[in-house]
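Morning, everyone. I have one structure to show, and I will keep to side-chain interactions.

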Amino acid sequence: GVSFRVSPPGYKLSWHCAPRRQYVIQMEGYIEIECGDGNKIVAGPGDVLLAEDFTGQGHTTKVVGNQNRVYVVVRLEEDDDMKW
């Protein structure tokens, strides 16, 4: 399935794991993602992330800047190899 979501500026999601294997496509706004090893990345419009950290500490997500974060989540089935 596919879902469209919006998060406001300043929104923070503490440590969590991905609920399933899924693509996250940034449409508007920017986020900072921190991984368990301390590595941080910033994702913005047009970036596509593959979330598949099911175990361990997971990651944090924070909306940065003064824009809403608009994004699309594409849930993947276990046997879905995304052949195009």
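I will go through the salt bridges, then one arginine, then one glutamine.

Ground rules first. This is a predicted model, where local features need pLDDT of at least 70, side-chain atom pairs count only at pLDDT 80 or more, and totals for chains, interfaces and linings use all residues. Residues are numbered from 1 along each chain as its sequence is written, and side-chain values use heavy atoms, with hydrogens and water left out.

Salt bridges. How many does the structure hold? Two. The term means a side-chain nitrogen of Lys or Arg within 4 Å of a carboxyl oxygen of Asp or Glu.

Arg21 and Glu52 form one of them, at 3.1 Å, N to O. This pair links distant parts of the chain, 31 residues apart. Arg21 is in the loop between strand E2 (12-16) and strand E3 (22-28). Glu52 is in the loop between strand E6 (48-51) and strand E7 (59-64). Strands here are DSSP runs of E, at least two residues, numbered from the N terminus.

Now accessibility. Buried means under 20% relative accessible area, exposed means over 50%, and partly exposed is in between, with a 1.4 Å probe and protein chains only. Arg21 is partly exposed at 28%. Glu52 is partly exposed too, at 42%.

Next pair: Glu32 and Lys62, with the closest N and O atoms 3.7 Å apart. Again distant parts are linked: Glu32 sits in strand E4 (residues 30-35), Lys62 in strand E7, 30 residues apart. Lys62 has a relative accessible area of 30%, so it counts as partly exposed.

On to Arg69, in strand E8 (residues 69-75). Buried or exposed? Buried, yet without a salt bridge. The nearest side chain of opposite charge is Asp47, 10.0 Å away. For charge, Lys and Arg count as positive and Asp and Glu as negative; His and the chain ends are not counted.

What does Arg69 do instead? Its charged end sits over the ring of Tyr71, 3.5 Å from the centre. That label needs NZ of Lys or CZ of Arg within 6 Å of the ring centre and within 35 degrees of the ring normal. The Arg69 side chain also makes a polar contact with the side chain of Gln26, at 2.8 Å.

Last, Gln22, in strand E3. Gln22 is buried, at 7%. Its side chain makes a polar contact with the side chain of Arg20, at 2.9 Å.

Notes
Helix = DSSP H or I, 4+ residues; strand = E, 2+ residues; numbered from the N terminus. Polar contact = N/O pair within 3.5 Å; in protein donor to acceptor, adjacent residues only side chain to side chain.
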